[in-house]
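The following note sets out points on charge, fold and packing for the attention of a colleague. It is to be read alongside the model.

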Amino acid sequence: LHIADATARQLQADGIQRVGLLGTRFTMEQDFYKGRLQDKFGLEVVVPGEAQRERVHRIIYDELCLGEIRDASRAEYLAIISALADAGAQAVILGCTEIALLVGEAEAAVPLYDTTAIHAEAAVTLALA
């Protein structure tokens, strides 16, 4: 049960075709997640620019992984999410478990997809099948 597959199926069920992706630098830049969404599911994936990717990555490791939740970082993430929406993203994937600690869907310009919750729900569905 691949986390990207469960997320892609939910996106497709919701009619999302162009999605933003936030996560660690590795998640945003390497193909193990982004490439799978594109190649296996035909989703168009957009990621922040290089400086924004670095900021997203740094906040994850230097703050969120340490349990630090800062309003300034929340504002930066919301600005990055808005920029992804401005670039045509219909929704944004929270591709790291810690990001949901910082931002919620009520604050965002577009729907947010928490991969941890989606993956857990898919696992329960599979287990009960």
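Predicted model: local features only at pLDDT ≥ 70, side-chain atom pairs only at ≥ 80, totals over all residues.

1. Surface. Of the 129 residues, 42% are classed as buried.

2. Overall dimensions. The radius of gyration of the protein chain is 14 Å; this agrees with a compact globule, because 129 residues in such a form would give a value near 14 Å. The C-alpha trace extends over about 45 × 30 × 30 Å along its principal axes.

3. Secondary structure and contacts. The protein chain contains 6 helices and 4 strands, arranged along the sequence as α-β-α-α-β-α-α-β-β-α. Among contacts with a separation of 6 or more, 71% join residues 24 or more positions apart.

4. Helix α3. This helix covers residues 34-41, and its buried residues are Lys34, Gly35, Leu37 and Phe41. Against which elements do the buried residues of α3 pack? Their partners are the helices α1 (3-13) and α2 (25-29), together with the strands β1 (18-22), β2 (44-46) and β3 (91-94). As a general point, residues three or four places apart in an α-helix point the same way, because there are 3.6 residues a turn.

5. End of helix α3. Gly42 follows α3 and has a positive phi, near 70°.

How values were computed:
Residues numbered from 1 in each chain as written. Heavy atoms only, no water. Helix = DSSP H or I, 4+ residues; strand = E, 2+ residues; numbered from the N terminus. Rg over C-alpha atoms; globule rule 2.2 N^0.38 Å. Buried < 20%, exposed > 50% of the residue type's maximum accessible area, 1.4 Å probe, protein only. Contact = heavy atoms within 4.5 Å.
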